[in-house]
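Student: Could you help me learn to read a structure, one feature at a time?
Tutor: Gladly! Let us look at it together.

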Amino acid sequence: MIYGRQPVLEWLEFGLPIKQIILSHDAGGKPIHDILHIAEKQKIEIKRMHAAKLDQIAGTEKHQNILAQVKLPPYAEIDDIFSAAEKKQEPPLIAILDGVQDPHNLGAILRTADAAGIHGVILPKDKAVGITPTVIKSSAGAAAFVPVVPVTNLARAIAELKNRGLWISGAADAAEKSYIDIDFKGPSGIILGSEGKGMRRLVRESCDFLLRIPMEGRVSSLNVSVAAGLLFYEARRQRT
């Protein structure tokens with residue numbers, strides 16, 4: 001189930017599969033009208049229920065009186081990322097997330113990855129968030145379009161990327177080089193660590209370069225999704 005007016009509307013507009021839409025009895029307004037108009041054209045089943053029932057199904061009261069039963073986009077393979085880069089006639093540019101656990105952070109990262117032209121995102125299967133309804137909502141639908149590859153062993157996946165010609169840079173507070181001094185124009189992987197602990201030791205040791213984002217204030221680090229935005233757009237700036 002996904003929930004919220006904008007995520008459901010975007011899912012419909014993108015033409016992604018929806019089995020049914022569930023509304024509360026008092027759901028209304030222009031966004032709901034737009035959703036119903038598209039759903040009618042696509043012959044999607046509509047159900048009405050009490051708002052309390054939607055609370056129960058969604059597991060939250062923040063559903064904005066609408067849920068949709070959807071088929072989530074399938075996870076990708078590493079080869080899919082390389083194919084996406086080849087279609088754009090660009091060297092691969094891959095984000096690697098080492099244990100991001102907050103679905104809002106992952107959603108924001110995927111949204112920025114889509115906007116900045118990142119060809120795919122690799123993340124571990126364990127001790128990290130995957131694609132969930134909250135991630136889809138936070139990504140504004142980008143989770144359906146950015147190839148996401150879950151891997152059993154992140155260090156092994158990084159070794160495979162290096163064997164295929166990528167240079168791997170990891171964000172670390174104590175790094176000497178600033179992120180603007182890293183060359184992202186060639187085949188590149190950008191590693192971002194988890195919200196609390198950053199990169200794990202084996203992942204850190206897999207990096208060709210360590211980079212830092214200069215911090216001028218008293219706060220020692222940025223939110224991982226904000227850091228991702230800076231790094232992704234620096235890479236895009238260099239490539240354009």
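Predicted model: local features only at pLDDT ≥ 70, side-chain atom pairs only at ≥ 80, totals over all residues.

Student: How many bridges join S5 to S10?

Tutor: Strand S5 (residues 93–98) runs parallel to strand S10 (residues 188–193), and 6 bridges join them. To find your place by eye, look for Ile-94, whose bridge partner in S10 is Gly-189. S5 also pairs with S6 in the parallel sense, over 3 bridges, and there Ala-95 stands opposite Val-121 in S6. Moving on, S6 pairs with S7, again in the parallel sense, over 4 bridges. Pro-124 has Val-151 as its bridge partner in S7.

Student: How many residues of S6 are buried?

Tutor: S6 is mostly covered, with 5 of its 5 residues buried. For the pattern, remember that in a regular strand the side chains alternate between the two faces of the sheet. In S6, Gly-120, Ile-122 and Pro-124 are buried on one side, while Val-121 and Leu-123 are buried on the other, and both faces are covered.

Student: Can we look at one residue of another strand? Is Ser-169 buried or exposed?

Tutor: Ser-169 is in strand S8 (residues 167–171). Its relative accessibility is 2%, so Ser-169 counts as buried. Leaving aside residues up to four places away in sequence, Ser-169 touches Ile-182, Phe-184, Gly-189, Ile-190, Ile-191, Cys-207, Phe-209 and Leu-211.

Student: Now helices. At what angle do H5 and H9 pack?

Tutor: Two packed helices are described by the angle between their axes and the distance between the axes. Helix H5 (residues 103–116) and helix H9 (residues 224–239) pack at about 10°, and their axes are 9 Å apart. Angles under 35 degrees count as roughly parallel, so H5 is roughly parallel to H9.

Student: Which residues meet in that contact?

Tutor: From H5 come Asn-105, Ala-108, Ile-109, Thr-112, Ala-113, Ala-115 and Ala-116, and they meet Val-224, Ser-225, Ala-228, Gly-229, Phe-232, Tyr-233 and Arg-236 in H9. The contact residues divide into 9 nonpolar, 4 polar and 1 charged. As for the spacing, an α-helix has 3.6 residues a turn, so residues three or four places apart point the same way.

Student: Let us turn to S2. In which sense does S2 pair with S4?

Tutor: S2 and strand S4 (residues 66–70) pair in the antiparallel sense over 5 bridges, and Ile-21 has Ala-68 as its bridge partner in S4. With strand S3 (residues 45–49), S2 pairs in the parallel sense over 5 bridges, with Gln-20 opposite Glu-45. S2, helix H2 (residues 30–41) and S3 make a right-handed β-α-β unit. Strand S2 (residues 18–24) is mostly covered, with 6 of its 7 residues buried.

Student: And what do the buried residues of H1 pack against?

Tutor: They pack against strand S1 (2–3), S2, H2, S4 and H6. In helix H1 (residues 5–13), the buried residues include Pro-7, Leu-9 and Trp-11. After H1 comes Gly-15, whose phi is positive, near 75°.

Notes:
Residues numbered from 1 in each chain as written. Heavy atoms only, no water. Axes fitted to C-alpha atoms, helices over the stretch in contact; angles between N-to-C directions. Helix = DSSP H or I, 4+ residues; strand = E, 2+ residues; numbered from the N terminus. Parallel < 35°, antiparallel > 145°, perpendicular 65-115°, else oblique. Contact = heavy atoms within 4.5 Å. Nonpolar A, V, L, I, M, F, W, Y, C, P; charged D, E, K, R; others polar. Pairing = 2+ DSSP bridges. Buried < 20%, exposed > 50% of the residue type's maximum accessible area, 1.4 Å probe, protein only. Right-handed = clockwise from strand over helix to strand, strands pointing away.
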